Amino acid sequence: MKLMEAKELVLGLMWAEQPETTRLLMVDPDSPDGDPGKFLINGKVARAIHHYDGWYVPISLRWFSGSYDMPVINRAPFYWYVFAIPKARRYVSDHYFVCDYLQMREWVLAFAAPRGNTHRDHTDWRSDLRLYPGEEAGYFRWGDESPSLEDQPGRVFEVDNLATIAVPSPPGQHVGGYGPGGESTAHRLLKLYVASHPLEFGMSPAATAHVEYSFTTGDRVDVMFKNHQPDRTVIEVEVEGEREICVGIHQAIKYRSLAAADAGYPLVTSRVRSLVVAYSTEYAKALDLADRYEIPLISVNREKVLAGTQ
């Protein structure tokens with residue numbers, strides 16, 4: 001694929017699939033500086049990244065000394081990376097992926113040099129983008145990283161994600177690391193996995209799942225199962241991290257009471273239970289807190305969830 005073909009691919013997809021969002025964000029196909037791969041999204045310079053034997057990502061070497069400078073290509077900076085992902089033997093359709101340079105900066109600084117080369121002496125880093133079955137999400141990895149390694153939730157991305165630019169980034173996150181509504185792709189996939197596998201989490205075959213169940217208070221639990229024994233199970237989904245799991249346990253305590261009140265049961269009842277599900281749950285503080293308040297923690301194999309296997 002050539003550079004101009006990559007730019008034409010992503011712009012064509014944006015206009016065809018999200019015309020209202022494209023107009024809202026004022027996507028302008030003209031290059032602001034003569035670089036044939038550049039265009040504008042929301043007034044900021046975007047650069048198409050085309051596939052060769054991988055995708056070659058321009059970076060700033062100043063990031064390693066603490067700089068937040070935008071990357072530069074053809075002597076001019078840009079803000080958005082826009083990866084063109086062409087259909088091939090393994091993909092049914094063309095796709096694209098947008099991330100801001102701050103997200104790319106995080107992935108660059110987190111690179112662990114598995115082959116011993118830090119690559120801090122050149123400004124083009126080779127990457128690979130692998131789409132999961134269903135082609136709704138994918139995984140970003142650097143060329144030196146083995147495809148056989150366990151996928152990290154922080155590298156999972158939404159495809160065709162122009163709409164994420166139209167909403168404010170959640171605190172501490174950047175465009176490319178989350179999907180519409182500020183939810184990370186890894187979290188969303190795990191939530192949907194839980195909802196579609198009731199037996200794996202102790203539900204009866206008759207259980208019915210409700211994703212993002214809303215209580216009268218406006219609180220929303222990730223998944224609520226009804227119509228089984230016990231009558232209701234509320235499940236708070238987290239990704240990983242001791243602090244995050246502890247927050248999830250507190251949320252699960254709250255949702256257990258809300259689910260009881262919602263059904264007209266006593267607040268202390270065996271008819272409602274609450275769980276926390278995550279990719280990783282083995283944290284000392286979280287285990288102690290969960291045991292104290294009788295909130296079971298269940299770990300799910302991330303490879304199975306992120307790969308979309310049943």
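Predicted model: local features only at pLDDT ≥ 70, side-chain atom pairs only at ≥ 80, totals over all residues.
Strand β3 and strand β8, residues 124-131, run antiparallel and are joined by 4 bridges. In general, strands of a sheet pair through backbone hydrogen bonds, in either a parallel or an antiparallel way.

Now the whole sheet. It is open, has 4 strands, and reads β3-β8-β9-β10, with antiparallel pairing. Which strands stand at the edges? They are β3, residues 55-58, and β10, residues 156-158; each has a single partner strand, so one side of each is left without a neighbour in the sheet. From one strand to the next, the twist averages 40 degrees.

Two helices next. Helix α4, residues 185-196, lies across β9 and β10 and runs at about 85 degrees to β10.

Then the cores. The largest nonpolar core has 51 residues. Among the residues with the most contacts inside it are Ile-41, Trp-80, Val-82, Met-104 and Trp-142. Helix α1, residues 3-17, gives the largest share of this core, 7 residues.

Take Val-82 as a case. Leaving aside neighbours within four places in sequence, Val-82 is in contact with residues including Val-10, Met-14, Phe-39, Ile-41, Arg-47 and Phe-97.

Another core, of 24 residues, lies apart from the largest one; Ala-186, Phe-201, Ile-235 and Val-237 are among its members.

Definitions and conventions
Residues numbered from 1 in each chain as written. Heavy atoms only, no water. Pairing = 2+ DSSP bridges. Axes fitted to C-alpha atoms, helices over the stretch in contact; angles between N-to-C directions. Contact = heavy atoms within 4.5 Å. Core = buried A, V, L, I, M, F, W, Y, C linked by side-chain atoms within 4.5 Å. Buried < 20%, exposed > 50% of the residue type's maximum accessible area, 1.4 Å probe, protein only.
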